Amino acid sequence: MLIDTHCHLDAAEFVADRDALVFAARSAGVGAIVVPSVDAGNWEAVHDCCQRFPGLFPAYGIHPLYVDGVAESAMRNLREWLAAELKSANPPVAVGEIGLDFFMPGHDAGHQEAVFIEQLKIARDFDLPVLLHVRRSVDGVLKCLRRIRVRGGIAHAFNGSREQADEFIRLGFKLGFGGAATWPQALRLRKVVAQLPLESIVLETDAPDMAPVMFAGQRNSPEHLPAICS
């Protein structure tokens, strides 16, 4: 059985055929899918999606590109939401997607870090792992993780160095790899993947984004996970 550790199955891109897509993924051997949220506005959608389909597991948090305008009240809301959902029939498996993003311009790096730190504290207090967004921000994320120790989790879409990978592993994290690692031109990334211990690697699609090379230009889907794995 394969596990897609990062798939935005609640996204609008899947509205028309979500049922068929989940069936296709199961038929392809994908037995479990983790569905992370990106902000408070889609916590309910993630909840409903995971309630509807067995084998889907939710994660709740605020993505770094959605933290503009987020205030202290949003952190209280996240705590309250997690506390309630942990008592539900399908409790969250992680806090996520959270982290830092220094790739997209126009965002306040200081505010991103402050919100990230608060979400790490929430994950620590609930003893939940975290799903990390680390685009162009691996060192900054690691700095925060050394400051606020959590239960571990996954560095989603990892694209750092072997040394950075080793530091995540030392802190109790797995490294998530998906479609980006299938592209022949991703020489540095592919070299790092080849050097890592197998037990430190997890698979993901990040669907509907980050399609693998064999499905270039198409909407990504959890049913593509076996092709990524191979």
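Leaving aside its neighbours within four places in sequence, with which residues is H47 in contact? H47 is in contact with Y60, W81 and E85, where contact means heavy atoms within 4.5 Å.

The structure is a predicted model, in which local features need pLDDT of at least 70 and side-chain atom pairs count only at pLDDT 80 or more, while totals for chains, interfaces and linings use all residues. Residues are numbered from 1 along each chain as its sequence is written, and side-chain values use heavy atoms, with hydrogens and water left out.

## H47 and the aromatic pairs

H47 is found in helix α2 (residues 43-52). Helices (H or I, at least four residues) and strands (E, at least two) are DSSP runs, numbered from the N terminus. With a relative accessible area of 16%, H47 is buried; buried means under 20% relative accessible area, exposed over 50%, and partly exposed in between (1.4 Å probe, protein chains only).

Two of the residues that H47 contacts, Y60 and W81, also have rings whose centres are 5.6 Å apart, with planes at 75°, so the pair is edge-to-face. Rings of Phe, Tyr and Trp (its six-membered ring) pair if their centres lie within 6.5 Å; planes under 30 degrees apart count as stacked, over 60 as edge-to-face and the rest as tilted. Y60 belongs to strand β3 (residues 56-60) and W81 to helix α3 (residues 72-85), so this pair ties together parts that are 21 residues apart in sequence. Both Y60 and W81 are buried.

The structure holds five aromatic pairs. Another of them joins F168 and F173, whose ring centres are 6.0 Å apart and whose planes stand at 70°, so this pair is also edge-to-face. F168 is buried, with a relative accessible area of 0%, and F173 counts as buried at 3% relative accessibility. Ring pairs link F168 and F173 with F158 and F177 into a cluster.

## Packing around helix α5

Helix α5 (residues 138-147) packs with helix α6 (residues 162-170), and the axes of α5 and helix α4 (residues 109-126) also come within 10 Å. Axes are lines fitted to C-alpha atoms, for helices over the stretch in contact, and angles run from 0 to 180 degrees between N-to-C directions. The two helix pairs are set out below.

| Helix pair | Axis distance | Angle | Handedness |
|---|---|---|---|
| α5 and α6 | 11 Å apart | about 25° | left-handed |
| α4 and α5 | within 10 Å | roughly 40° | right-handed |

Angles under 35 degrees count as roughly parallel, over 145 as roughly antiparallel, 65 to 115 as roughly perpendicular and the rest as oblique. Helices α5 and α6 are therefore roughly parallel to each other, whereas α4 and α5 are therefore oblique to each other. A crossing is left-handed if the near helix is turned anticlockwise from the far one by less than a right angle, and right-handed if clockwise.

The crossing of α5 and α6 is left-handed. On the α5 side, the contact is made by V138, D139, V141, L142, L145 and R146, and on the α6 side by Q164, E167 and F168. By class, this contact of α5 with α6 has five nonpolar, one polar and three charged residues. Here Ala, Val, Leu, Ile, Met, Phe, Trp, Tyr, Cys and Pro count as nonpolar, Asp, Glu, Lys and Arg as charged, and the others, Gly among them, as polar.

Towards α4, the residues V141, K143, C144, L145 and R147 of α5 meet E113, F116, I117 and L120 of α4. The residues of the contact of α4 with α5 divide into six nonpolar, no polar and three charged.

Within α5, the buried residues are V138, G140, V141, L142, C144 and L145. These buried residues pack against α4, β5 (130-133), α6 and β7 (173-177).

## Backbone features

The peptide bond from G96 to E97 is cis, with omega near 15°, and E97 lies in strand β4 (residues 94-99). A cis peptide bond also joins A207 and P208, with omega about 10°. P208 has its place in the loop between β8 (201-203) and α8 (225-229).

M210 is found in that loop between β8 and α8 as well. Although M210 is not a glycine, its phi is positive, at about 55°, and the residue is partly exposed, with a relative accessible area of 30%. A157 likewise has a positive phi, of about 50°, although it is not a glycine. A157 is found in the loop between β6 (153-156) and α6 and is partly exposed, with a relative accessible area of 26%.
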